[in-house]
Amino acid sequence: MLKIRKKCGKLGLTMIALVVSCLALTPYFADATTSNPDVRNRLVGYLDEDKKVRGSDENFINGWSLPSDPFYLTFADVKWSGAVSGGGSNYKVANYSKATESANNGYPIVDISEAQAYARLFNGNPSFLTNENGFYGGSISGGGGSGYTGYLLSMVAEKSGGGGGPFSFRPASGSEKGSYVGVTNFVTTQRPDGSIQTDKTKYEVGNTVTVTAKGKDYSIYNRGLIVYNMYIYNLDTGQTEHQFKDAIKTYDIPGAAPTNGSGSGYEVKFPVQTWVATKPGNYEARILFTDTHARNTKNAPTVDGQGVAYSARFTVGNPTIPPPDPEDPDPSPACSIETTKTKMDIQVVGDKDIKNHTAVSSGGSDIVVEKNAEITVFAKKNGTFTMNGSPMATGSGGNKKVGVGSIGSSGRVKVVYKSDDGTECWEKYFRVETKDGEDKCPIITLNNSTIRNGQTIEILPIDTLYFKAKYTLGYCMTYAQKAWFESLVESFGISTRIRLLHDLCTKSLVRKLSGKLRD
């Protein structure tokens with residue numbers, strides 16, 4: 001008689017197939033995120049009651065003119081405040097402190113993917129983080145892990161228009177090892193803004209049009225504005241009528257703003273320009289610029305990507321074509337949710353990653369998001385956004401084309417948009433991802449009966465035992481991992497099959513293993 005005992009995590013000689021299904025959980029690892037820094041398998045230490053690092057191997061940093069002394073590694077919280085605020089104990093960074101000192105400071109270091117994620121959280125442009133823009137890394141070695149290139153998180157903040165704040169501590173919680181946890185603080189700033197205007201709104205052919213424009217930069221360090229284009233645009237022909245080439249340059253701003261982000265911005269008055277009107281028509285004077293950290297002005301839907309020019313409309317003579325007015329169109333029937341063709345761009349920022357959805361139609365299936373994710377919706381027109389009936393926050397500088405809200409740790413919310421002129425409307429449901437991560441032990445069915453952990457069943461030598469193991473993995477199973485798993489199971493002489501109920505690279509997979517135990 002054969003006794004079979006289900007025990008997850010220990011290798012027995014009898015029910016080897018069940019053990020394989022437990023061991024198959026081990027090869028899957030989470031990607032690096034703002035809540036889970038990738039330190040390349042280094043041993044992460046903790047802070048004792050004297051705020052000294054314990055439990056870390058010696059690490060070495062080559063870069064940023066740092067000393068060659070060894071450094072100890074801990075994880076610190078990340079918080080930011082100012083134009084945008086956030087962070088806390090759910091946001092982490094690898095903090096390297098001098099081994100010869102207490103951890104009263106340290107060097108918060110991220111890899112490039114973490115740097116780009118934090119840049120967006122800091123109201124910065126992730127694409128600006130390049131060597132060409134002075135964003136240099138350092139080499140991290142030792143510590144029992146593989147070497148990698150790291151970047152100072154304080155530099156990420158500066159390249160995002162902000163800066164660093166004071167280092168502090170908080171008591172460790174019951175689930176955290178040690179007595180204290182370091183807290184890194186950063187300051188964020190607004191995107192630039194500005195305006196352009198003409199001395200009149202109505203001219204005759206041969207009149208001189210005088211154009212004045214200004215911009216404001218809110219950055220703390222390396223301040224300035226970069227004008228990419230300043231021109232007269234013919235609305236009737238869709239062509240540039242004249243370009244003010246001497247205005248297209250960088251306007252540096254000396255000094256630094258208050259490092260706590262309290263500054264009201266530094267205004268730049270661009271050179272006054274003139275243009276002589278030569279034919280009747282509908283025109284706009286336009287100017288397109290960013291700050292020196294490649295952040296779009298506030299009238300653009302996002303901090304990066306395509307910028308939006310500031311404009312001032314005027315007419316010359318008596319145009320034969322009526323002026324278009326995209327912001328204030330002619331009255332039209334009110335928008336209906338049932339028939340709307342409005343589409344939105346959406347950005348979802350979670351602890352694990354940032355997802356961008358473009359041209360999303362109203363209605364349809366729910367968008368699944370992480371718990372506590374921040375949802376930002378971008379419209380083409382000014383309007384109002386609500387989440388479950390409550391008003392959502394507007395974008396930077398009161399931008400009514402942007403709605404910002406956060407979802408809770410569970411449940412479903414409805415986001416509704418209606419343009420101020422009533423011609424566009426849109427609604428969408430967002431749902432928190434319902435998963436518990438990886439099962440600690442798979443659900444085992446023997447001869448169509450569920451077997452509890454530790455339970456023993458008895459069979460005769462002539463009996464055939466049919467089993468099925470079902471478990472959930474929190475991460476993507478690659479084809480290489482699938483092949484490894486199949487070869488491992490086959491090596492124990494088990495006829496198996498693996499059926500993926502979803503695509504191989506979704507983040508919530510259910511896999512079934514079934515087969516027959518050989519005599």
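Reader: Between which two strands does the loop with Thr342 lie?

Author: Thr342 sits in the loop that runs between β22 (310-316) and β23; strands are DSSP runs of E, at least two residues, numbered from the N terminus. The model is predicted, local features need pLDDT of at least 70, side-chain atom pairs count only at pLDDT 80 or more, and totals for chains, interfaces and linings use all residues. Residues are numbered from 1 along each chain as its sequence is written, and side-chain values use heavy atoms, without hydrogens or water.

Reader: Is Thr342 buried or exposed?

Author: Thr342 has a relative accessible area of 8%, so it counts as buried (under 20%; exposed is over 50%, partly exposed in between; 1.4 Å probe, protein chains only).

Reader: Which residues are in contact with Thr342, leaving aside neighbours within four places in sequence?

Author: They are Val360, Ser361, Ser362, Glu424, Cys425 and Trp426, contact being heavy atoms within 4.5 Å. A polar atom of the Thr342 side chain also lies 3.2 Å from the backbone oxygen of Cys425.

Reader: In which sense do β27 and β28 pair?

Author: Strand β27 (residues 383-387) pairs with β28 in the antiparallel sense, over two bridges. Thr386 stands opposite Pro391 in β28.

Definitions and conventions. Pairing = 2+ DSSP bridges. Helix = DSSP H or I, 4+ residues; strand = E, 2+ residues; numbered from the N terminus. Polar contact = N/O pair within 3.5 Å; in protein donor to acceptor, adjacent residues only side chain to side chain.
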